[in-house]
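Colleague: I am new to this structure. Could you walk me through it, one feature at a time?

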Amino acid sequence: MKDDNCIFCKLACGDIPANVIYEDKLFTVIPDASPATRGHALILPKTHAANIYELPDEYASGVFVLAKKMAAHMTEVLKCDGFNVVQNNGEVAGQTVFHFHMHLIPRWAGDGNEEKLGWNHADLSADQIAETAGLLDMRDDKA
């Protein structure tokens, strides 16, 4: 369902004109208004979900299929050296518009974004990593 107060809903559903580069029944892909690199685009669902936790399964399963399709096309056309697929959830994770969206960011050697698109590595011991893995284990056959 669309949220009439959400700018990304309006863009995804065509209520606000945009330079659409792909569209199907579930998604619209448009250039990012403040791109990290040439070709930086956003996959926008045509239904409102604030984040991945609220995203309906049909959209969640389709977004990576579309991201793969778009990344392959963009890499071929733009001749980029690499590619970031980024999706943020929550303000602390860098989300600034609270409508689920996925960033497609073509990358070139020396494009100046090496530090901005990375993260600091946590100083965790092997025991801490193993303990966290145990807490997160979702396998049915865990001992």
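**Reading the model**

Modeller: Start with Lys-79, which is exposed, with a relative accessible area of 59%. Buried means under 20% relative accessible area, exposed over 50%, and partly exposed in between (1.4 Å probe, protein chains only). This is a predicted model: local features need pLDDT of at least 70, side-chain atom pairs count only at pLDDT 80 or more, and totals for chains, interfaces and linings use all residues. Residues are numbered from 1 along each chain as its sequence is written, and side-chain values use heavy atoms, leaving out hydrogens and water.

Colleague: Where is Lys-79 found?

Modeller: In the loop between H2 and strand E4 (82–86). Helices (H or I, at least four residues) and strands (E, at least two) are DSSP runs, numbered from the N terminus. Lys-79 has a positive phi of about 55 degrees, although it is not a glycine.

Colleague: How do I read the sheet? In what order do the strands come?

Modeller: Two strands pair if DSSP finds at least two bridges between them. Here 5 strands form an open sheet, ordered E1-E2-E3-E5-E4, with antiparallel pairing. Strand E1 (22–23) and E4 stand at the edges with a single partner strand each, so one side of each has no neighbour in the sheet. E4 and E5 are joined by 5 bridges. Asn-84 stands opposite Ile-105 in E5.

Colleague: What about cores?

Modeller: In soluble globular proteins, nonpolar side chains tend to be buried together. A nonpolar core is a set of buried Ala, Val, Leu, Ile, Met, Phe, Trp, Tyr and Cys residues joined through side-chain atoms within 4.5 Å. The largest one here has 17 residues, and Phe-27, Val-29, Ile-43 and Leu-104 have the most contacts inside it. E2, E3, helix H2 (57–78) and E5 each supply at least two residues of this core. H2 gives the largest share, 7 residues. A second, separate core of 8 residues includes Phe-8, Ala-12, Ile-30 and Leu-44.

Colleague: Is His-103 buried or exposed?

Modeller: His-103 is buried, with a relative accessible area of 13%. This residue is found in strand E5 (residues 102–107). Contact means heavy atoms within 4.5 Å. Leaving aside neighbours within four places in sequence, His-103 is in contact with residues including Asp-32, His-40 and Asn-84.

Colleague: And Pro-35: which loop holds it?

Modeller: The loop between strand E2 (27–31) and strand E3 (41–45). Pro-35 is partly exposed, at 48% relative accessible area. Its C-alpha atom is separated by 8.3 Å from that of Ile-105, 70 residues apart along the chain.
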